[in-house]
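Trainee: Before I use the terms in a structure description, I would like to hear what stands behind each of them. Could we go through them one at a time?

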Amino acid sequence: MYRLLIADDEALEREGIEWIVSRMMPNTFEVIHAENGRTAIQKADEHRPHIILMDIRMPGIQGLEALREIKARHPQTKMVLVTAYEQFEYAREALSLGVKDYLVKPAKRDQIVELLQRLVAEIEQEGRKREGELAMRDNYFQLLPLAETEMALVIMSDPVNETDAGYLAEILEISTDQGCGLVLALPELGPISDQEAGTNKKKIYETVKTFTKGYLKNRVGCVVSSMVHWHMAIFLVDRAQLNTEVLREEAASLGEKLIEHLRQIRGIDVNVGIGSIRYEMEGIRTSYFEAVFAATYDKKWGNLRSFEELKELPTEGQRSLVESRTADNLSERTYVELAIRRIREEREHQTWTVLDRALTYIHEKLQEDISLEDVAELVHLNPHYFSKVFKQQTGETFIDYVTRLRIERAKELISEGQLSLKEVCYLVGYKDPNYFSRVFKKVTGVTPTEYRTGLKEE
């Protein structure tokens, strides 16, 4: 039910409009009365009406002044000016306030009803539009974590898939012209149970991600990976126009702040390694491996190391560095392999979450005309990318999957023997019986008629 505020200093006018509305549009409006502009403003704040019919000439605060104040507080309200004075200046000022229409007293019943019906239709249309926008925003924000996890995997993978990287960068609104990797190495909090470890990791992950996004404040693009074992990766990325020194300073500052923040908030000391600034996806991936090396270099916790700093060690220091790290090479490689495997597992889980929604929709709409583009839009994915993910996860193309479901359902309905073949055709989503017959034979090897005959002979 919609709320209609009628503001007029004449009670008979208000009651007359209410009578027309209740008779001609029953159960549509809750009607609120206001005898002057001041009361109209108060009632608008209290009831938040969908539509206001406002008389221009009222004692105290005039109609236009009241509408101006109400419009400022409730911009979505539909406003209609009602007056016995046909003066263009009033109408022109009213239009500047966003007034939807202008009724002249005494307004005819049909005029009032037609106007209110049109405004209700507008409100309903705007409501559907808002619902669609909210659903799209919801899908978008559900997609972002999946896209970020996928992007981290793409950067770590060998070789880097440039097509996927470009699509994901577009979703995340980042550039991969240049960037560097940061790796956080955390001490294992043991001995504790797997459940406790999982809880601690989740808290640390959320702390790192929230702090990183808030600290950078869109100055630099970033991608935060999942927690893998006791490591996390952060990729700072941006366009080539950004000064390299600025990006290097942002990385160092973020690393220092993360060490300090985790010490204060979570009571743990972490090591942060920073790779060198490199270009394009392959270069950023190299920077990631450099960051892994730098993060695991120190045996004490709470240190920040950059790979470039380690390269500046004296020759003798570099030799001892190599010797001291030789034994750790295997564990480093194991960590990186583990990182990629864990991120793939998480990506797989998130992909199935999105895909489950798509499959549920397909099953619900099987008898309707559904397309790959429709389902891709539902889960807020690019149709090409959705098609690729769908085939990877189900082992079938979208068309083959839908066709198989329809033919399986058709076989069930034919077996039940309650419907004609034409009725079965329509119930499984086909509009043309001849086309349905051809598809059925292509899938099963026999026509629907032959299939039904074969069932009777058994």
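What follows is a conversation that sets values for this chain against the definitions behind the words.

Mentor: Keep in mind that this is a predicted model. The chain holds 18 helices and eleven strands, and buried residues account for 45% of its 458 residues.

Trainee: Why is Asn27 called exposed?

Mentor: Exposed means over 50% relative accessible area. Asn27 has 73% relative accessibility, so it counts as exposed. Asn27 is found in the loop between helix H1 (11-24) and strand S2 (29-34).

Trainee: What makes the phi of Asn27 worth a remark?

Mentor: Most residues other than glycine have a negative phi. Asn27 is a residue other than glycine, and its phi is positive, near 60°.

Trainee: Which loop holds Glu173, and is Glu173 buried or exposed?

Mentor: Glu173 lies in the loop between helix H6 (162-172) and strand S6 (178-185). The relative accessible area of Glu173 is 65%, and the cut-off for exposed is over 50%, so Glu173 is exposed. Glu173 also has a positive phi, about 55°, although it is not a glycine.

Trainee: Why is S6 described as largely enclosed?

Mentor: A residue is buried under 20% relative accessible area. Eight of the eight residues of S6 are buried, so the rest of the structure largely encloses this strand.

Trainee: How do you know that both faces of S6 are covered?

Mentor: In a regular strand the side chains alternate between the two faces of the sheet. On one side of S6 are Gln178, Cys180, Leu182 and Leu184, on the other Gly179, Gly181, Val183 and Ala185, and all are buried.

Trainee: What makes S6 and strand S8 (residues 231-238) a pair?

Mentor: Two strands pair if there are at least two bridges between them. S6 and S8 are joined by eight bridges and run antiparallel. Gly181 stands opposite Phe235 in S8, and Ala185 has His231 as its bridge partner there.

Trainee: Which other strands pair with S6?

Mentor: Strand S10 (residues 278-279) pairs with S6 in the antiparallel sense over two bridges, which meets the cut-off of at least two bridges. The bridge partner of Gly179 in S10 is Arg278. Strand S9 (residues 271-274) also pairs with S6 in the antiparallel sense, over four bridges, and Leu182 stands opposite Ile274 there.

Trainee: How do you know that S8 is mostly covered?

Mentor: Eight of the eight residues of S8 are buried. His231, Ala233, Phe235 and Val237 point one way, Met232, Ile234, Leu236 and Asp238 the other way, and all are buried.

Trainee: How many bridges hold strand S7 (residues 221-224) and S8 together?

Mentor: S7 and S8 pair in the antiparallel sense over four bridges. Val223 stands opposite Phe235, and Val224 stands opposite Ile234. Gly221 and Val223 on one side of S7 and Cys222 and Val224 on the other are all buried. The hairpin of S7 and S8 has six residues between the strands, and in this hairpin His229 takes a positive phi near 55°.

Trainee: What lines the largest pocket?

Mentor: Its lining has 21 residues, of which Leu172, Ile174, Lys213, Asn218 and Cys222 lie nearest the centre. H5 (109-156), H6, H7 (194-216), S7 and S8 each give two or more residues to the lining. The largest share, four residues, comes from H5. By residue class, the lining divides into eleven nonpolar, three polar and seven charged. About 480 Å³ of space lies in this pocket.

Trainee: Which residues touch the most other members of the largest nonpolar core?

Mentor: In this core of 47 residues they are Met151, Phe235, Ile362, Phe386, Phe390 and Phe398. The largest share of the core, eight residues, comes from H5. A second, separate core has 27 residues, including Trp230, Leu247, Leu258 and Val272.

Trainee: What does Phe398 touch?

Mentor: Leaving out residues up to four places away in sequence, Phe398 touches Ile362, Ile370, Ser371, Leu372, Val375, Phe386 and Phe390. Across the chain, among contacts between residues at least 6 apart in sequence, 67% join residues at least 24 apart.

Technical notes. Residues are numbered from 1 along each chain as its sequence is written. This is a predicted model: local features need pLDDT of at least 70, side-chain atom pairs count only at pLDDT 80 or more; totals for chains, interfaces and linings use all residues. Side-chain values use heavy atoms; hydrogens and water are left out. Buried means under 20% relative accessible area, exposed over 50%, partly exposed in between (1.4 Å probe, protein chains only). On a 1 Å grid over the protein atoms alone, a cavity is a set of points where a 1.4 Å probe fits but cannot get out, and a pocket is an open set with protein on both sides within 12 Å along at least five of seven lines; lining residues have an atom within 4 Å of a point. Grid points are joined across faces, edges and corners, and a volume is the space filled by probe spheres set on the points. Ala, Val, Leu, Ile, Met, Phe, Trp, Tyr, Cys and Pro count as nonpolar, Asp, Glu, Lys and Arg as charged, and the others, Gly among them, as polar. A nonpolar core is a set of buried Ala, Val, Leu, Ile, Met, Phe, Trp, Tyr and Cys residues joined through side-chain atoms within 4.5 Å. Contact means heavy atoms within 4.5 Å.
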